[in-house]
Amino acid sequence: MQSVTHPFATLSPARVVAAIESLGFWLPGEPFALNSYENRVFLLYDDEGQRWVAKFYRPERWSDEQIQEEHAFLAELRGEGVAVAAPWRDEAGRSLHHVEGFRLALFPHLLGQAPELENPAHLFALGELIGAVHAVGERGEFRHRVRLDLDGMVREAQARVLAAPWLERRQRQAYERISDALHDELAAYAWSPRQTIRTQGDCHIGNLLGRDDNFALVDFDDCLMAPAVQDVWMFLTAEHEAEWQMQLSEVLEGYEQHREFDRRELGLVEPLRTLRLMRHSAWLVSRWDDPAFPLAFPWVTDTGYWDRHLRELEQQRMVLGQGPRWLA
C-alpha cells in the first residue's frame, strides 16, 4: 500500500525553502522538520532571527474554505487576547498561500513545555484558557468545517479499519461485532446541533505550550463544531476518583472564569474516548500510502496491535455499559 508518489514525498528541503522564500522571507538556514504526520510542519528562522512554524497542509483533506475558517477563528481569538498563534498574513491580507503545489501557512513559533496534569495550578490555567477559547467560540459557528458526529464518525472509522489488510479473520469478525455494539451504545449519547460551539477539537497536552501557569493553545487543524467537553475531557486522566475529581474541579474552576460549563456534558467523556480510540486506528490505516506512516508506525501491521486494540474497545464497551464515570 505504500506509495513513493505521495505528494509529501516530493516536499524536499529545497522545495520547502523555495516555497517560504516565495512569500518574501529570506532563510539563512534550512527549516527543521517537526514531529507532525497529518501535515508537514517545519521550524524556521528568518533573517531577523524570528522563529516561525511553516505548515504544509495535507492535500485533499480540507477545502480552502475550511482552512480559511480555521485561520479566521484563530485571528478572532487572538484579537480577543486569547493565547493562540494566529497565522501570518501578507500585504494583501492572505493567510493561506498556494505555492510549490502545496497550501502553506506560517505561524509565529510559541515557546514552552507541555502542562503537568497532576499540578492544580496548571489544570486551573488550562481550564481558564479553554474557557476563554469557548467564550469566543460560542459567538458564532463554522459554516464549512465539520460537526462532531458520533454516529457518522464511528461508522466511517469502522469501514476504514475493516478495509485494512492486516486483521486476521477472527480479528475482523471480533472488530465488526465490538464496533457494532459500540455504535449501538453510543446512539444514546447523541446531542443537538444547538449544543455545539466552535472548539479546538484536538485538545491534548501536546497542543498546549507554556511555562509556570501560563499556556497557549496551538494547532487548530481539527477545529470543529462540538460540545464544549470535547476540549476538556483529555485533561481528566486520573485513574482514581479523588484525583479525577481534583482534576475536574480545577479545570472547571478556571473554565468558569469565562463561561459556564454544562455539567451534563461530562456524561460524554467515555463516548468521546471511545470515538477517539476508534478514529486513531482508522487514521493510521487510512494514511498508509504516506511514506512517513509505515516508518513511524510499523506495528500497525502486527497481529498483536489489533489484539490490543480489540481489548481496548471491549473495555470501552464495558465502561459505557456502566454509565457516566463517577457522576452519580
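**Figure 1. Helix α1 and its buried face.** In this predicted model, the buried residues of helix α1, which spans residues 13-21, are V16, V17, A19 and I20. Viewed down the axis of α1, these buried residues fall within an arc of 160 degrees, so they line one face of the helix. An α-helix has 3.6 residues a turn, so residues three or four places apart point the same way. The strands against which the buried residues of α1 pack are β2, β3, β4 and β5.

**Figure 2. The five-stranded sheet and helix α2.** The sheet is open, and its five strands follow the order β1-β2-β3-β5-β4 with antiparallel pairing. Its edge strands, each of which pairs on one side only, are β1 (32-33) and β4 (97-99). Helix α2, formed by residues 64-79, packs on this sheet and touches β3, β4 and β5 (102-108), and the direction of α2 makes about 5 degrees with that of β5. Within the sheet, six bridges join strand β2 (residues 40-45) to strand β3 (residues 51-56) in the antiparallel sense, and R40 has F56 of β3 as its bridge partner.

**Figure 3. The surroundings of D290.** D290 lies in the loop that runs between α7 (269-286) and α8 (292-296), and D290 is buried, with a relative accessible area of 0%. When neighbours within four places in sequence are left aside, the residues in contact with D290 are H6, F8, Y37, R40 and R58. One of these contacts, R40, is also the residue whose bridge partner in β3 is F56.

**Figure 4. The hairpin of β7 and β8.** Strand β7 (residues 208-211) and strand β8 (residues 214-217) form a hairpin; two residues lie between the strands, which pair in the antiparallel sense over four bridges. In the turn, D212 has a positive phi of about 55 degrees. L208 and G210 belong to the covered face of β7, whereas L209 and R211 belong to the uncovered one. In a regular strand the side chains alternate between the two faces of the sheet. Across the pairing, L209 of the uncovered face stands opposite A216 in β8.

**Figure 5. Q230 and its contacts.** The loop between β9 (224-226) and α6 (241-255) holds Q230, which counts as buried at 9% relative accessibility. The side chain of Q230 reaches the backbone oxygen of G201 at 2.8 Å.

**Figure 6. Two cysteines, C203 and C223, without a disulfide.** A disulfide is a covalent bond between the sulfur atoms of two cysteines, and a search of the whole structure finds zero of them. C203 is in no disulfide, and the nearest cysteine sulfur, which belongs to C223, is 12 Å away. Because the sulfur of C223 is 12 Å from the closest cysteine sulfur, that of C203, the separation is too far for a bond; the cut-off applied here is a pair of cysteine sulfur atoms within 2.5 Å. C203 is buried, with a relative accessible area of 1%, and C223 is buried as well, with a relative accessible area of 0%.

How values were computed. Residues are numbered from 1 along each chain as its sequence is written. This is a predicted model: local features need pLDDT of at least 70, side-chain atom pairs count only at pLDDT 80 or more; totals for chains, interfaces and linings use all residues. Side-chain values use heavy atoms; hydrogens and water are left out. Two strands pair if DSSP finds at least two bridges between them. Contact means heavy atoms within 4.5 Å. Axes are lines fitted to C-alpha atoms, for helices over the stretch in contact, and angles run from 0 to 180 degrees between N-to-C directions. Buried means under 20% relative accessible area, exposed over 50%, partly exposed in between (1.4 Å probe, protein chains only). A polar contact is a pair of N or O atoms within 3.5 Å; within protein, one must be able to donate a hydrogen and the other to accept it, and residues adjacent in sequence count only if both atoms are side-chain atoms. The arc is that of the directions from the helix axis to the C-beta atoms.
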